[in-house]
Protein chains: 2
Amino acid sequence: MRRDIFQAIADPTRRAIITLIALQAMTPNAIADNFQTTRQSVSKHLRILTECELVKQEQHGREIYYSLEIEKMKEIDKWLDQFRQIWKTKFNQLDNVLSTLKKQKK
Amino acid sequence: MRRDIFQAIADPTRRAIITLIALQAMTPNAIADNFQTTRQSVSKHLRILTECELVKQEQHGREIYYSLEIEKMKEIDKWLDQFRQIWKTKFNQLDNVLSTLKKQKK
DNA sequence: CGATTGTGCAGCCAATCGGTTGCAAATATA
DNA sequence: TATATTTGCAACCGATTGGCTGCACAATCG
């Protein structure tokens with residue numbers, strides 16, 4: 001079982017669940033209402049998200065509220081950092097080209 | 001075939017390939033040298049990355065140089081935006097708590 | 001108490017995944 | 001021209017995936 005955050009967000013239903021519970025905690029039944037799938041399949045997705053610590057649970061009686069562990073999302077952001085450096089460089093290169101063109105116009 | 005960018009970065013080997021060719025274009029053989037797998041399997045990964053437009057090819061004779069389509073990576077960054085808003089809010093909430101504590105101390 | 005509701009888990013299944021081997025085509029080299 | 005190199009693609013294979021059904025268990029309701 002691989003179960004890392006990148007594998008977790010690979011599935012479109014899981015990404016939708018993440019977005020759904022990002023702002024407010026929800027029960028599995030309430031989450032499942034938003035998808036054309038069974039409650040059990042949503043439950044399976046929640047288990048996967050729990051296993052890689054992307055969601056947390058809070059039990060209220062027989063209801064379980066799931067919400068996003070927002071800090072964990074920063075791991076993706078962290079991985080993207082290496083490419084942000086490149087974006088920046090490319091932008092500067094483009095900037096240089098533009099200012100060269102500007103100077104030639106003068 | 002799903003073939004979106006999130007499914008593409010789900011595999012650790014593909015993430016490593018992306019990092020490898022982010023700064024300089026490389027041939028499939030050169031890429032495969034960095035992994036304990038066959039050239040054909042790397043070729044398969046490159047095909048998947050090509051299909052979701054994450055890499056571009058440049059042919060030089062019989063050699064094909066693959067490099068990262070860095071702009072495409074921004075799609076992940078874009079998806080993360082919705083969570084950045086939440087990080088910001090959470091930070092402000094923490095900030096409020098801290099300043100309340102500060103006031104109480106006074 | 002019995003019935004209903006909310007939930008997780010096991011087992012099944014078709015589809016997909018990531019790897020392999022074997023090949024064919026194109027280019028470079030002798 | 002014959003040979004070697006670089007590559008992509010097809011076929012196969014075991015493992016994993018994501019969905020389903022059926023169940024068990026606990027909490028709530030009548």
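The following dialogue explains how several terms apply to this predicted model.

Guide: This is a predicted model in which local features need pLDDT of at least 70 and side-chain atom pairs count only at pLDDT 80 or more, while totals for chains, interfaces and linings use all residues. Residues are numbered from 1 along each chain as its sequence is written, chains are lettered from A and ligands numbered from 1 in the order in which they are written, and side-chain values use heavy atoms, with hydrogens and water left out.

Visitor: Why is B:K72 called buried?

Guide: Buried means under 20% relative accessible area, exposed over 50%, and partly exposed in between, with a 1.4 Å probe and protein chains only. The relative accessibility of B:K72 is 18%, and therefore B:K72 counts as buried. This residue is found in the loop between β2 (63–68) and α5 (74–105) of chain B.

Visitor: Which residues is B:K72 in contact with, leaving aside its neighbours within four places in sequence?

Guide: They are B:I5, B:C52, B:E53 and B:L54; contact means heavy atoms within 4.5 Å.

Visitor: What makes a residue count as near a strand, and which come nearest to DNA strand C?

Guide: One of the residue's heavy atoms must lie within 4 Å of the strand. There are 25 residues around DNA strand C, and A:R62, A:Y66, B:T38, B:K44 and B:H45 come nearest. Of the atoms of DNA strand C that come within 4 Å of the protein, 59% belong to sugar and phosphate.

Visitor: Which atom of DNA strand C lies 3.0 Å from an N or O atom in the side chain of B:Q7?

Guide: That atom is a phosphate oxygen. A polar side-chain atom of B:R14 is likewise 3.1 Å from a phosphate oxygen of DNA strand C.

Visitor: Which element gives the most to the surface near DNA strand C?

Guide: It is α4(A), with five residues.

Visitor: How large is the volume of the largest pocket, and which residues are closest to its centre?

Guide: Its volume is about 160 Å³. Of the 13 lining residues, A:I86, A:K90, B:A22, B:L23 and B:Q24 are the closest to the centre.

Visitor: Which element gives the most to that lining?

Guide: The element is α5(A), which gives four residues to the lining of the largest pocket.

Definitions and conventions
Helix = DSSP H or I, 4+ residues; strand = E, 2+ residues; numbered from the N terminus. Polar contact = N/O pair within 3.5 Å; in protein donor to acceptor, adjacent residues only side chain to side chain. 1 Å grid on protein atoms, 1.4 Å probe; cavity = no way out; pocket = protein on both sides within 12 Å on 5 of 7 lines; lining within 4 Å. Points joined across faces, edges and corners; volume = space filled by probe spheres on them.
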